[in-house]
Amino acid sequence: MHQADSMSPAERRAASSLAAVFAFRMLGLFMVLPVLATYGQALEGATPLLIGVAIGAYGFTQALLQIPFGMLSDRIGRKPVILGGLILFALGGLLAAQADTIQGVIAGRVLQGAGAIAAAVMALVADLTRDQHRTKAMAMIGMSIGLSFGLAMVIGPLVAAATGLSGVFYLTSLLALTGLVLVLWIVPAPDAAVRHREAGIAPGAFLATLLNPELLRLNLGIAVLHAILMASFVAIPLALLEQAGLPNAQHWWVYLVALLVSFLAMVPLIIYAERRRRVKQVVLGAVLVLALAQPLMWAGMGSLGWLVAAIVVYFIGFNLLEATLPSLLSKIAPAGAKGTAMGIYSTSQFAGAAVGGVIGGAVYGSFGLGGVFLCCALLALFWFVIGVKMRQPAYVTSYRLPLPCESVRDEALLRRILAVPGVAEAVIVAEESAAYIKVDTQVLDPEQLDQVLQPV
């Protein structure tokens, strides 16, 4: 349990370079979001439904391939899977950029989604960092994802205004190739691919993790959150352009304002949730904010000021949930199953994005913008009803503790670990020579745990 003072230079290099790879890829995915609904109408064969499909199409292949590609990286190595995924992503961007039909753009988005490298990247982080610094590395990647989403909302409209929709897709391919260069020449090569239950899939824990009631509720929530995101972005750009009269080239400042205000609003709420141990209440409150924002956007469509204010409210709820749900997952996931839980969670997220694009396009085609906003509000209220039943999570932190071989063979070790005050869960994985534990850091005595872990 004793931790080194800081990450080594090799660990910092690994974490920062992989965070950049993740950021470039997610930037490429999200840049299309604020522009496809408006610019996509000029494509041959475009209909509201097909535009919605194009917005969420990447989610279909992401959801299908996320876990299999992660498991494949255990067999053939992390870097080959990551490089292959980035190549697929770049090819998908090129296909979409050169398409003049909506079907071609959909095909490009599907191919982009086939570059499902998130699980392999997380596993590579686990290979390249020590146990005591892995949380920091994962946090760097999490921050890079949030930053890339914010930049995409601003850069996408600016690039589209200058170069058209094809220019956005060409830029996504360039970003993927930049990530490929980082993986080849900057990201360190691991000594070996190590199966690690904090970052990878544990087949033996898959079914129990999938059927865990609290995790099921959380997975439903992230699917709904991203379904609402994709459906909303069928409607929001069109509402700004057609109802509020804001030209496409100026949409960027709306998203910039919304993201900055939402960031300032969510930081104290996240601190409150963790310090006061009120994560459940903050999550449910954010879901209600998400539901409230939808009718506000519907009612405010005729006024740019009111519509922008409603979009700000929406982003407060969305960004607060996007930042809080992974922390909730870490608290709920059983010891030794965090990587498995994260894989299922990510799959649910991408599946929700795919379904949300279809729903948004279909509802817009039949009922207009108001119908999309109403549908999203109902989805959020459905999530709230399901979420009310979730338990207040235990406020625990996960650790992976390497064990000497002689300790792994000690049949009484697990009982001694669980007897230490503050240890909530523990599991020993003999093939990894490691113990996975979840502890309440406010109660745990690290020295007592260290004594228990010493070979008898």
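Tutor: Start with handedness. This is a predicted model. Here helix α9 passes α10 in a right-handed crossing.

Student: At what angle do the axes of α9 and α10 cross, and within what distance do they come?

Tutor: The crossing angle is roughly 120°, and the axes come within 10 Å. Helix α9 covers residues 213-243, and helix α10 covers residues 251-275.

Student: Which class does that angle fall into, for α9 and α10?

Tutor: Check the cut-offs. Roughly perpendicular runs from 65 to 115 degrees, and roughly antiparallel needs over 145. The pair α9 and α10 is therefore oblique.

Student: Now α3 and α5. How do their axes cross?

Tutor: At roughly 20°, with the axes coming within 6 Å. The helices span residues 48-76 for α3 and 102-113 for α5. Angles under 35 degrees count as roughly parallel, so α3 and α5 are roughly parallel to each other. Their crossing is right-handed.

Student: On to the surface. Which residues form the nonpolar patch?

Tutor: Leu288, Trp298, Leu374, Leu378 and Leu381. Together they have about 460 Å² of accessible area.

Student: Which helices each supply at least two residues of the patch?

Tutor: Two contributors: α11 (279-299) and α13 (338-387). The largest share, three residues, comes from α13.

Student: Take Leu381. Where does it lie, and is Leu381 buried, partly exposed or exposed?

Tutor: Leu381 lies in helix α13. Buried means under 20% relative accessible area and exposed means over 50%. Leu381 has 39% relative accessibility, so it counts as partly exposed.

Terms used. Residues numbered from 1 in each chain as written. Predicted model: local features only at pLDDT ≥ 70, side-chain atom pairs only at ≥ 80, totals over all residues. Heavy atoms only, no water. Patch = residues over 30% accessible without salt bridge, like charges linked within 9 Å, V, L, I, M, F, W, Y side chains within 5 Å. Areas by Shrake-Rupley, 256 points an atom, 1.4 Å probe, with all protein chains shown as cover. Salt bridge = Lys/Arg side-chain N within 4 Å of Asp/Glu carboxyl O. Helix = DSSP H or I, 4+ residues; strand = E, 2+ residues; numbered from the N terminus. Buried < 20%, exposed > 50% of the residue type's maximum accessible area, 1.4 Å probe, protein only. Axes fitted to C-alpha atoms, helices over the stretch in contact; angles between N-to-C directions. Left-handed = near helix turned anticlockwise from the far one by under 90°.
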